[in-house]
Amino acid sequence: GAGNHTLLTEFVLSGLSSRPELQHLLFFTICSVYSMTLVGNLLICMVTVHPTLHMPMYFFLRVLSFLDISTASVVVPKMLVNLLSEDRSISYAGCVTQLYCVVFLATTEWYLLAAMAYDRYVAICSPLRYAVIIHSRLCLSLVLLCCCSGTAVAVVQTAWVFALSFCGPRRINYFFCDIPPLITLSCSDTSMYEKQIISATVLVIFTPFCLILLSYACIISSILRISSAESRHKTFSTCSSHLTVVTLYCASGTLIYLQPKSINSQDTKKILALIYTTVIPALNPLIYSLRNKEVKEVLIRMIAVLVKK
């Protein structure tokens, strides 16, 4: 118990792959994806501040971009350093911090995606009442609620994981400190904790996912009543791209956390974790914002001003 905690000052992350010939290729690939994440999301943060984009939808997009930059930045820089370094250790405090941040950001983003789906639902299904229902105070309250949910889940999960005893190997077969690889290292009885993770997964992933599906079901039934084929196609394409990201996010999260202790699928879990910590943050700006006509117009105008300077 306590004695083991005092002895353990660091963990070692085994990383994405132990094959030396892959390290440089992985480094350049992930570095490119991370650069895309930073550039794409920073562009969205800058563009959505423009006075013509002063709608709630763009406020949510700005928060989503901020969360995506944060999620990638909590995981990727350390992973890149480890790909080129012999020393892959992470301090005990660093591991606690990383786990807390990953859980906080993932939970907050899930609830934010549900809030964004509700915003789209009101915009498409009750356009005349949109300004009355979705006002800036509600948007701010929803984002604060998402952050509070993220904080509560992250505090409970992190405290629970690090209350376990780690007395065996300190090598984490993963590229960051996450719940499943950490509990496989514990020598405590984790059966109770595994049940708790499953209920947390249902709460954090399935509840928002069901709310998102419900919103989109209403949106789609509303679209089917639109007489113009062009409007129908445009709204469908927006909804389908949003749902693709949400489903990808839901599938990767669920497969990782619903079987927390299955060691045999650790490589699969690494790929799934790479999707939600690295790939999705790079895709979100393309899917949510850069396909949007208003965003594209403002971006072109901003670039034109910069070029003239």
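**Cavities, pocket and a few details**

Guide: This is a predicted model, and its largest cavity holds about 250 Å³ of space.

Visitor: Which residues are closest to the centre of that largest cavity?

Guide: Of the 17 lining residues, the closest to the centre are Ala106, Thr107, Val204, Ile205 and Tyr257. The elements giving two or more residues to this lining are H4, H6, H8 and H9.

Visitor: How does the lining of the largest cavity divide by class?

Guide: It has 13 nonpolar residues and 4 polar ones, with no charged residues.

Visitor: And how many cavities of 30 Å³ or more are there?

Guide: The structure holds 3 of them.

Visitor: What lines the second largest cavity?

Guide: Met57, Phe60, Leu61, Met116, Asp119, Arg120, His242 and Tyr288. H3 and H4 are the elements that give two or more residues to it. By class, that lining splits into 5 nonpolar, 1 polar and 2 charged residues.

Visitor: Now the open side. What volume does the largest pocket have?

Guide: About 650 Å³. It is lined by 26 residues, and those closest to its centre are Met57, Arg120, Lys234, Thr238 and Asn292. Met57 and Arg120 also belong to the lining of the second largest cavity.

Visitor: Which elements give two or more residues to the pocket lining?

Guide: Helices H3 (56–84), H4 (92–125), H8 (191–223), H9 (229–257), H10 (266–289) and H11 (293–308). The largest share, 8 residues, comes from H9.

Visitor: What classes of residue line the pocket?

Guide: There are 12 nonpolar, 7 polar and 7 charged residues.

Visitor: Back to H6 for a moment. What is its span from first C-alpha to last?

Guide: H6 covers residues 136–162, 27 residues in total, and reaches 39 Å, close to the 39 Å expected at 1.5 Å a residue. Its buried residues include Cys139, Cys146, Gly150 and Phe162.

Visitor: What does its side chain reach?

Guide: The side chain of serine 17 reaches the backbone nitrogen of arginine 19 at 3.1 Å. Leaving out residues up to four places away in sequence, serine 17 touches Leu22, Gln23, Leu26 and Arg88.

How values were computed:
Residues numbered from 1 in each chain as written. Predicted model: local features only at pLDDT ≥ 70, side-chain atom pairs only at ≥ 80, totals over all residues. Heavy atoms only, no water. Polar contact = N/O pair within 3.5 Å; in protein donor to acceptor, adjacent residues only side chain to side chain. Contact = heavy atoms within 4.5 Å. 1 Å grid on protein atoms, 1.4 Å probe; cavity = no way out; pocket = protein on both sides within 12 Å on 5 of 7 lines; lining within 4 Å. Points joined across faces, edges and corners; volume = space filled by probe spheres on them. Helix = DSSP H or I, 4+ residues; strand = E, 2+ residues; numbered from the N terminus. Nonpolar A, V, L, I, M, F, W, Y, C, P; charged D, E, K, R; others polar. Expected span 1.5 Å × (residues − 1). Buried < 20%, exposed > 50% of the residue type's maximum accessible area, 1.4 Å probe, protein only.
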